[in-house]
Each structure stands twice: as C-alpha cells, then as structure tokens.
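Subject: Structure handover

Hi,

Here is the structure I promised. My notes follow below it.

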Amino acid sequence: MADFFQFWNNQGIEGFLTIFWFYFILEFPRYLLLAYVFLVIHKIKTHFNKENYENAKRQLWNEHPLISIIVPGKDEGKNYYKLVRTLEEQTYDNFEIIVIDDGSEDNSELIGRDLERNGKIDLFLRNETRGGKASAANLALRYATGKYIVHLDADSSFNRDAIEEILVPFYEEEKVGAVGGAIEAKNSGQNLVTTFQAIEYFNIFATGRMIADSLGILRIVSGAFGAFRRDLLVELGGWDVGPGLDGDLTLKIRKKGYKITFTHLAICLTNVPTSFTKLAKQRVRWSRSLIRFRFRKHRDLLFPSDNFSLSNFFAVVENVFYNFILNLLWWVYLIVLALYFKAEFGYLIIGGMFLYSLSKIIEFGAIIALSANKSDKAKYIPYLPGMTFYVGLFLRGVRSYAYIRELFFYDSYKDAWNPNKTSRAARKLEDEIKKVFQGN
C-alpha cells in the first residue's frame, strides 16, 4: 500500500491528469460537466415554459383526440392482464387498445381473445406465422384509427398520467413527429444486474435523452413507450422490417423534417434482463443497430444530400463518436497504459476505479436533482462504485464485440430474434439503398 501512495505522490496532479487524459478530455465534458450545465438550463427552461406547457395540456383536453395504443409482441400473454389494468388507471381515457400476437406459442391468443370479448381491449390481431415486431406493429397500424399511435411493450406499466404527458409535446410545437417517454426498470431490486440497469436507465433518460432533446439531436424513440403521428407513420410506410426498428423509424422521421422530442414526465416501467448473459444478448442486438443504420442504411445523413441537415448530421455524429469511436479507442488507450506502466498497472486500475466511482456519484447528483422522488433515487448511491465495472468494462466489451461482428459479419441479419424471412427482406432493401447511394 505504501508503494501505491508513493507512486501517485511521485506523479503529482500533472501526472494524474496526463494518465487519465481520456477521462478528463473526452468523458468528463460530455457525461458530467454537460449534465450539470443542462440541469441549470432545464430548471430555467421549465420555469419559463410553464405557461406554454399548461396551454398545450388544455389544447389536448379540448380536442380530446382518439389515441391508438398498439402492443405488438410474441409470447406475452402473461403480461396482457397487467397491461390492461395499468391502462385502465390512466388519466387520459380516449384511446383504443390493439394487441398483436406475433405467432406466439404460449396462451397469448386465448388471453387476447378473452380480453377482446369482454371489452377490455378493442382489437386482438394475430400473425399465425411470426413476422417480427415491425410486421406486427404494421398490422396494427392498418387498423388503428387514432390521431396518434402510442407503441408499448406488453410487459410495461405506467404512471397514471403517462399517456397524457406523452401527448402534450404534440401541442407544444406543431412540427413534432414523435415523442419518447422515460423508461425505468420495473424489477430494479431483483438482483445486482437489474439494479445496475436501473441506474443506467436513470442516466439515459433523466439526463442523456433530455440533453439530446434540448440540443435537437435526439435520435431514438424507444419502442417500449413512444408516441407518433399516425398520418406520418402511414406516409412513411410504418416500421421497416428487421431489428433496430426504433432507431430506424426515428431517423426516417427526422429525414422528413419533423422534430423528435422527449418528456421525462411520461414514465414507463419495464422489466429488464435478470442475468448478465441475457443482458449481453440484448445489448449486442441493440449495439448492432449503430453500424447497421448509421453506417449503412442512413449514412446519407452524414453527407450532402436531400436529407442532409446540421441537426441530423450532429445527431448521427454524436452517436458514432461517443458510442463507436471512443468505445474502441478506450481499448487502445488501456493497452498503451498497460505497456507503458507494466509494473504499476495495478496502481492505475485502483486509481481509475476511484476516479470513475467519484465521477458516477457526482453524475448521479444531477439525476437526484432532476427527480421528483429524490429519496427513491438516493437508495442507489451505494451501488454507484459498481457502475464503473458495469459500464466501463461489461457494457463497453459487449458493445465492442457487437460493433466488430456487425462490421465484418453482418450479424444483425442472422439474429434469431427476428424471423429469417424479414432479415432477408431487410438486407435486400438496404442493398438497394446502397446501390442508389453509390450511383449518386
């Protein structure tokens, strides 16, 4: 231990900053400094936007439009009753519920038909052969009659005003095409894996997407809880087949010149994976979409074209830089440190753990400040040091693996999560887009 303190004493402040340059130059400004700058801006903006927000809410209630809530999924029968109960408790009541069973092998059809027969849902649809989530959502879109489409996951539950709050932004600004709600982990206290995800979700939705929304670069509306203009979805042809449909649809909407916004007031609770193995499979699937859609299908956003705009350009560049380039660069940085400080590398690991743990605690302070229920968030503070391993090693490793596999082996087109026929159709569509892009 004496050698450890002697090593850092010899390094001094300048040496400490030099060793951890990656954090201080690339991560600190984005993930900590910006969070607190945004906290101040958010407080000011909320104060001055209060009248506009109240006016928008009055307009919503004066119009009181019909909303179509669509719930696509496979083998989700066990969740249908709970979902219906949480929707029955909503403050906004003018909606139709359309449940789509995508070729389930459980008792989803039996339960869905029973709910339809008893008037608990408005329509139950079934794909006899699984077509994938996009196929199921598009089937619902054909029958939906509401002005807005709210897309939900079957295992979700909601705060009582969640549906109302996710509709308000459509009345605050005319050009809003889609609104994302805040997602929290329903099973957060089940084990360490779900607890880490709960903290991660707070970071993503309490600060990450709120910052992106304020900067006009929000690039994804989560399929677990998102609202869309129905006329816009029809114009776009709905969801394209294949995995990564949430981010894909969001970019299509941005290309049309519509604004994507986020509201932290509309809160959805969803079940998260309960083991590191299940979580890794989920995140590999999510991470592939960055390569598939930013580098391939929607790469026209990065170059002068009919779809080019600065906000779209920065939305994609920010995503690529922080989630792809820095993710891979970090491994190079770590290897260089290991080679340069062979004997003292263990001291660097301990020092880095302390630095990142302190950073996570300070960063979480912004989340608590933004939260209405501060005591509920504060109970996660003891777990924050563990987030250094969870985010810094586990998630970073999973993302790196997914990026490399997708870049060189196109794994997203072979994933059993999506039916093979839809993956083939998606690959064909994207090959056609590639030819058009190369031809220009």
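Which residues have the most contacts inside the largest nonpolar core? They are Leu87, Leu152, Leu167, Phe225, Trp239 and Ile253, in a core of 93 residues. Helix α8 (residues 192-215) gives the most to this core, 11 residues. A second, separate core has 18 residues, including Phe4 and Tyr356.

Cut-offs: a nonpolar core is a set of buried Ala, Val, Leu, Ile, Met, Phe, Trp, Tyr and Cys residues joined through side-chain atoms within 4.5 Å. Buried means under 20% relative accessible area (1.4 Å probe, protein chains only). Helices (H or I, at least four residues) and strands (E, at least two) are DSSP runs, numbered from the N terminus.

The model is predicted: local features need pLDDT of at least 70, side-chain atom pairs count only at pLDDT 80 or more, and totals for chains, interfaces and linings use all residues. Numbering starts from 1 along each chain as its sequence is written, and side-chain values use heavy atoms, without hydrogens and water.

Now the strands. Strand β3 (residues 123-127) has 4 of its 5 residues buried, so the rest of the structure largely encloses it. β3 pairs with β2 (residues 95-102) in the parallel sense, over 5 bridges; pairing takes at least two DSSP bridges between the strands. Phenylalanine 124 in β3 stands opposite valine 99.

Last, serine 157. This residue lies in strand β5 (residues 157-158). Serine 157 counts as buried because its relative accessible area is 18%. Beyond neighbours within four places in sequence, its contacts (heavy atoms within 4.5 Å) are Thr86, Lys186, Ile267, Cys268 and Leu269.

Best wishes

Terms used: Buried < 20%, exposed > 50% of the residue type's maximum accessible area, 1.4 Å probe, protein only.
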